[in-house]
Amino acid sequence: MSGIEDPGDDLSVTPPKRWATGMPAVTHALEYSLEQTSVRRTALTLLNINQAKGFDCPGCAWPEPAPGKRHRNEYCENGAKHIADEATTRRVTADFFRRHSIAELDGKSDYWLNQQGRLTEPMVKRPGAQHYEPIGWDEALGLLARELRGLDSPDEALFYTSGRLNNEAAFLLQLFARALGTNNLPDCSNMCHESSGSALQETLGIGKGSVSLDDIHQADLVFVVGQNPGTNHPRMLTALEETKRGGGRVVAVNPLPEAGLIRFKHPQKARGIIGRGTAIADRFLQIRPGGDLALFQALNRLLLEAEDAAPGSVLDHTFIDTHTTGFTDFAEHARKTAWDDVLAATGLTREEIEDVHDLVLRSEKIIVCWAMGLTQHKHGVPTIREVVNFLLLRGNIGRPGAGVCPVRGHSNVQGDRTMGIWERMPQSFLDALGREFGFTAPSRHGLDSVDAIRAMRDGRAKLFLGVAGNFVRATPDSRVAEEAMRNCRLTAHISTKLNRSHTVCGETALILPTLGRSDRDIQATGEQFVTVEDSMSEVHASRGRLAPASPHLLSEVAIISRLARRTLGDTPDIPWEEFEADYGTVRDRIARVVPGFEDFNARVAGPGGFRLPNPVNQGVFRTPSGKAVFTCNEFTMPHVPEGHLLLQTLRSHDQWNTVPYAMNDRYRGIHSARRVVLVNPDDLTALGLADRDLVDLVTVWHDGVARRAEDFRVVAYPTPRGSAASYYPETNVLVPLDSVADISNTPTSKAVLVRLEPAGARPGTADGTEPSWDA
């Protein structure tokens with residue numbers, strides 16, 4: 001498939017859309033599917049995706065309705081594209097790698113690499129080689145096992161996963177790593193929702209959300225903060241439409257106006273095809289990036305003042321007295337919130353904030369949903385703690401129609417964490433794992449994604465195994481991340497398709513091709529299924545329906561089991577062959593190790609699976625005090641020096657994570673280009689720039705290194721003054737490795753301080769007059 005063109009930017013701009021989905025979404029999804037595969041395979045995938053006896057969408061983690069309430073077409077435009085991308089009939093063979101050197105592949109775009117198709121057989125790049133060449137599975141796994149055994153310490157190995165991994169494989173991967181002797185289990189959550197987990201664990205005693213799909217439907221008021229459902233998880237719009245039809249209201253808080261939050265045309269309803277659809281957001285607060293902490297501090301001050309004015313009518317004192325701690329200190333701190341600070345940080349008017357406060361007072365059941373617009377800031381953890389304060393004040397935690405809702409962006413990222421993919425799993429989990437398998441799991445904390453890059457860069461980590469994902473394109477500081485990966489003795493990737501991480505090689509590199517979510521999985525005991533956990537703690541089965549892309553593919557469970565057996569031998573005594581032959585035996589062990597999974601095989605066999613218990617909804621808070629915790633969070637906001645803008649990185653509509661499916665961002669009106677930067681027209685004038693000027697984006701961290709993303713077209717766009725937006729992964733090069741959120745260590749990809757230079761200008765250096773920044 002190397003005849004596919006690598007498109008360059010040929011920018012055209014149309015006005016941003018005022019609604020999302022409808023028939024255009026159906027048309028675009030079908031067009032992409034038929035480009036990738038046949039009518040028959042398209043029908044087979046679309047009729048089985050997100051169905052009780054089908055396979056889970058490998059895209060986002062938004063939950064499905066109960067089986068009796070599920071639509072026959074329970075998928076969105078991007079989900080259909082994602083599964084078509086996996087079900088493609090295009091193939092990458094050994095001949096492809098003979099024709100293309102690694103250096104040539106490294107010069108291709110992410111789009112081109114992905115469009116080549118499914119990987120078909122194991123490949124190896126040997127030391128000094130310029131090409132990958134075929135290698136048998138036994139030799140490949142033997143090579144990897146020898147390298148693992150030859151490390152000076154197990155902590156020189158890194159085991160990375162993305163959210164595409166299923167529960168069974170995730171459990172086996174962490175078991176293998178810990179039996180080897182390391183907790184180096186970085187994952188994609190480190191770069192996305194780690195701030196959510198840190199804040200929620202501290203305040204509520206559980207690191208994930210508390211609400212269900214029914215809660216969304218029943219809520220009186222839903223805040224949608226720092227996220228774009230129309231592109232990143234479109235089926236959320238269906239749930240918000242149900243909120244509206246039940247009389248609830250929606251407040252959108254985001255730096256950019258997003259089409260799906262303006263109006264939604266449900267493609268499976270007549271009103272979405274021939275009607276005007278449903279207006280979603282009752283209020284849109286166009287907030288400055290990083291201003292959300294100040295917004296919720298202002299709302300909390302207003303609630304306290306409303307209670308002062310009408311004692312006993314605003315706050316839920318019974319809930320506060322019974323189930324929380326820290327209220328007195330919090331209230332004293334919150335009353336000091338200064339309106340001048342709030343207005344400067346948010347860019348909103350006091351009237352806009354007070355109007356939303358009036359909606360809050362008229363609402364008994366409130367949910368706050370958020371995504372990376374909150375988490376990827378230096379003060380991401382305090383911001384989410386302040387959201388929890390807001391909900392605690394009126395008892396909106398642990399009851400129907402209310403609660404916290406961090407919206408996960410990848411299929412099983414929550415399940416991977418539940419299965420033990422975390423560098424800092426609690427000791428209780430490690431002890432249970434050790435008891436079950438007869439070894440002592442290491443207790444020292446491992447490396448997360450950012451620290452993994454530092455360790456590879458500094459020579460402290462020498463072997464990288466990536467299971468799914470595209471590590472070098474998902475991570476910050478692209479040039480540093482790539483140099484770190486090339487510093488490894490061996491890099492190995494378990495993947496379905498070609499991506500940039502395969503072109504950034506260690507001294508030796510392996511590509512280990514695996515089954516996709518939609519592929520049938522036949523093992524020694526027969527056809528297997530896997531399980532996933534969605535964003536709302538629902539665990540259900542996933543059964544592939546397509547013939548595998550190649551007879552040489554192995555499942556992730558099989559690859560991990562064989563590698564573990566080759567590496568560890570019989571010590572400890574873990575039945576890896578049994579696990580590979582029958583995934584039910586893996587689930588039996590999960591049931592004995594992971595709380596909430598008791599009788600796993602029987603419960604997941606039921607239609608729709610089961611929901612994990614959430615202690616918060618039972619009035620149990622697993623904090624040191626046994627209560628939910630009010631916190632005092634110091635006011636902070638990003639500061640933007642004159643001549644600079646605060647850049648947020650985001651993805652286009654035709655994109656999934658690091659992979660663009662096309663060069664368009666239809667809802668924002670950007671076509672045939674990705675190297676664009678969206679800037680407020682008044683900022684363009686102040687900077688002496690004009691719409692469509694060609695610029696370089698430059699940022700200087702306090703290390704004095706100028707990071708530069710070259711040749712971007714500026715597009716006048718309704719961003720907040722002083723801010724800009726552009727697509728990742730092209731702009732990940734601008735995010736310094738050391739610019740991370742406090743506590744969570746999450747990269748600050750929504751707060752990158754940049755200046756715009758005319759393209760081709762001499763690269764700048766930091767000097768006495770050059771502002772450096774610490775996000």
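Begin by selecting Asp-448, which caps the N-terminal end of helix H24 by placing a side-chain oxygen 3.3 Å from the backbone nitrogen of Val-450. Keep in mind throughout that the model is predicted.

Next, select residues 449-457, the span of H24, where seven of the nine residues are buried, so that the helix is largely enclosed by the rest of the structure. The buried residues are Ser-449, Val-450, Ala-452, Ile-453, Arg-454, Ala-455 and Met-456. To see what covers them, display strand E7 (157-161) and strand E16 (463-467) together with helix H25 (471-474) and helix H26 (478-486), which are among the covering elements. Following H24, stop at Gly-459, whose phi is positive, near 80 degrees.

From there, move to Ala-468, in the loop between E16 and H25; this residue has a positive phi of about 65 degrees although it is not a glycine, and its relative accessible area of 7% makes it buried. Most residues other than glycine have a negative phi, and most peptide bonds are trans. With that background, select Asn-50, in the loop between helix H2 (39-48) and helix H3 (77-87), where phi is again positive, at about 60 degrees, in a residue that is not a glycine. Asn-50 counts as buried, at 3% relative accessibility.

Finish with two peptide bonds. The bond from Thr-571 to Pro-572 is cis, with omega near -5 degrees, and Pro-572 is found in the loop between helix H27 (556-568) and helix H28 (576-581). Tyr-728 and Pro-729 are likewise joined by a cis peptide bond, with omega about 10 degrees, and Pro-729 is found in the loop between strand E32 (723-727) and strand E33 (752-758).

Note on methods
Residues are numbered from 1 along each chain as its sequence is written. This is a predicted model: local features need pLDDT of at least 70, side-chain atom pairs count only at pLDDT 80 or more; totals for chains, interfaces and linings use all residues. Side-chain values use heavy atoms; hydrogens and water are left out. Buried means under 20% relative accessible area, exposed over 50%, partly exposed in between (1.4 Å probe, protein chains only). Helices (H or I, at least four residues) and strands (E, at least two) are DSSP runs, numbered from the N terminus. Contact means heavy atoms within 4.5 Å. A polar contact is a pair of N or O atoms within 3.5 Å; within protein, one must be able to donate a hydrogen and the other to accept it, and residues adjacent in sequence count only if both atoms are side-chain atoms.
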